[in-house]
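Please open the model in a viewer and keep the selection panel at hand. The stops below proceed from domains to a helix pair and then to the chain interface.

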Amino acid sequence: MATALMTAPTEISWVDRLRAEGAEGRAAVAELHALLLKAARFEVGRRAAELSHLRGGDQEDLAQQAADDALMAILRKLDEFRGESRFTTWAYKFALLEAAVKVRKRAWQGREIPLEDEAWSALADAGAPAGRGAEDAELFAALREEIERLGERQREVLVAVALNGVPIDVLADRLGSTRGALYKNLHDARRNLRVALAARGLRVGTGG
Amino acid sequence: MKPDEKRDAVLGRVLGPGEPELTCEQCFEELDRYVELTVAGEAADARIPGMRAHLDGCPACAEDFASLRDLVTKEGD
């Protein structure tokens, strides 16, 4: 497999062909679009359960839009292809991302983001397994207190993504933000919670 | 899911991996290389430090990884 990780001539030729003028360039773009559409259909297909309310034609439209958007992104970012993977693997990730984001957003279209109260019941439910006793009760009670002490944005993201299962792309869309920015909020919230629990002398490991 | 598994899953989602990890942008940049290394059975986690922790902490990036891995595997069959 090591050969696949080197810059094989076919990988370079993909970039050259996509940059070519005239018929050669158009043919390469059409060939790439077909590959992206295949990848987008693959992603939409594996997420079909999330889209059970959509007609088959709508799912195909979604795959087509994902392939179109991925093609535009790839043509903008051709300079960033470093040849460290096959060109097709590099290209597929754009189509899969576009399709996954579109499916998540479509699945949440018209749905409200769950309220904090739902998160507290999920937390209480998770913290009440039989036989763990007072130590666990203290840990989960402290966790709720420390979550409530987080700054507004950190708490909002943590509660939605980690406790209420809202996809981060959907939340980013609603808040006018990006996955990366919200993940930074989530990461900082988690770090603050770990520090706060450790300061209380609480063990935060999982298992046993 | 058993109660203890649910407890650990919730704690894992709330507290995250608790170790150095890539950002979502870095994850996307490295995803194709990480997937090819993984599918080839090579030491992907040693070659791209912080990727495994990020995939453990970010459900969306973890789904992107699983999709690309499965598509590349299917293509290789």
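The tour begins with conventions and then moves through the selections.

The model is predicted: local features need pLDDT of at least 70, side-chain atom pairs count only at pLDDT 80 or more, and totals for chains, interfaces and linings use all residues. Residues are numbered from 1 along each chain as its sequence is written, while chains are lettered from A and ligands numbered from 1 in the order in which they are written.

**Domains of chain A.** Select 2-108 for domain 1 and 116-199 for domain 2; these bounds come from an automatic or database domain assignment. Their C-alpha centres are 34 Å apart.

**A helix pair.** Next, select helix H3 (residues 56-76) and helix H4 (residues 87-108) of chain A, which pack at an angle of about 135° with axes 8 Å apart. Helices are DSSP runs (H or I, at least four residues), numbered from the N terminus. Axes are lines fitted to C-alpha atoms over the stretch in contact, and angles run from 0 to 180 degrees between N-to-C directions.

**The chain interface.** Finally, display chains A and B together: 39 residues of chain A and 32 residues of chain B take part in the contact, which requires C-beta atoms, placed from the backbone, within 7 Å. On chain B, highlight helix H1 (3-15), helix H2 (24-39) and helix H5 (59-76), each of which supplies at least two residues of the side touching chain A. H1(B) gives the largest share of that side, eleven residues.

Notes. Contact = placed C-beta atoms within 7 Å.
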